[in-house]
Amino acid sequence: MSFMRRGHGLRTSPLLPYPDKHYILFSKEGFTDNMKRLAEEDGAVRLVSFDEMA
């Protein structure tokens, strides 16, 4: 089940009507265990930490 279909509050944009959605989430403080697990389960979600950006 995709990140979008889980009801995580993200909405589709009528400006981007593409069927395949990918999400890149950035965090300075890190991600919760639940978010890490979700990203592992869903290939459409990528987590990027502050350390990766530096």
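## Overall layout

In what order do the elements of the protein run from the N terminus on? In this predicted model, the order is β-α-β-α, and the protein accordingly holds two helices and two strands.

Of the 54 residues of the protein, 22% count as buried, while the accessible surface comes to about 4700 Å², with 54% of that area belonging to carbon and sulfur atoms. Among the contacts in the protein with a separation of 6 or more, 25% are made by residues 24 or more positions apart.

## Ser-27 in strand S1

Ser-27 is found in strand S1, which covers residues 23-27. Ser-27 counts as buried because its relative accessibility is 13%, and buried means under 20%.

The side chain of Ser-27 reaches the backbone oxygen of Gly-30 at 2.7 Å. When its neighbours within four places in sequence are left aside, Ser-27 is in contact with Val-48, Ser-49, Phe-50 and Met-53; of these residues, Val-48 and Ser-49 can be looked for in strand S2, whose range is 45-49.

## Asp-42 between helix H1 and strand S2

Is Asp-42 buried or exposed? Asp-42 is found in a loop, namely the one between helix H1 (33-41) and strand S2 (45-49), and with a relative accessibility of 6% this residue counts as buried.

Note on methods: Residues are numbered from 1 along each chain as its sequence is written. This is a predicted model: local features need pLDDT of at least 70, side-chain atom pairs count only at pLDDT 80 or more; totals for chains, interfaces and linings use all residues. Side-chain values use heavy atoms; hydrogens and water are left out. Helices (H or I, at least four residues) and strands (E, at least two) are DSSP runs, numbered from the N terminus. Buried means under 20% relative accessible area, exposed over 50%, partly exposed in between (1.4 Å probe, protein chains only). Contact means heavy atoms within 4.5 Å. Accessible areas come from the Shrake-Rupley method with a 1.4 Å probe; for residues, only the protein chains shown count as cover. A polar contact is a pair of N or O atoms within 3.5 Å; within protein, one must be able to donate a hydrogen and the other to accept it, and residues adjacent in sequence count only if both atoms are side-chain atoms.
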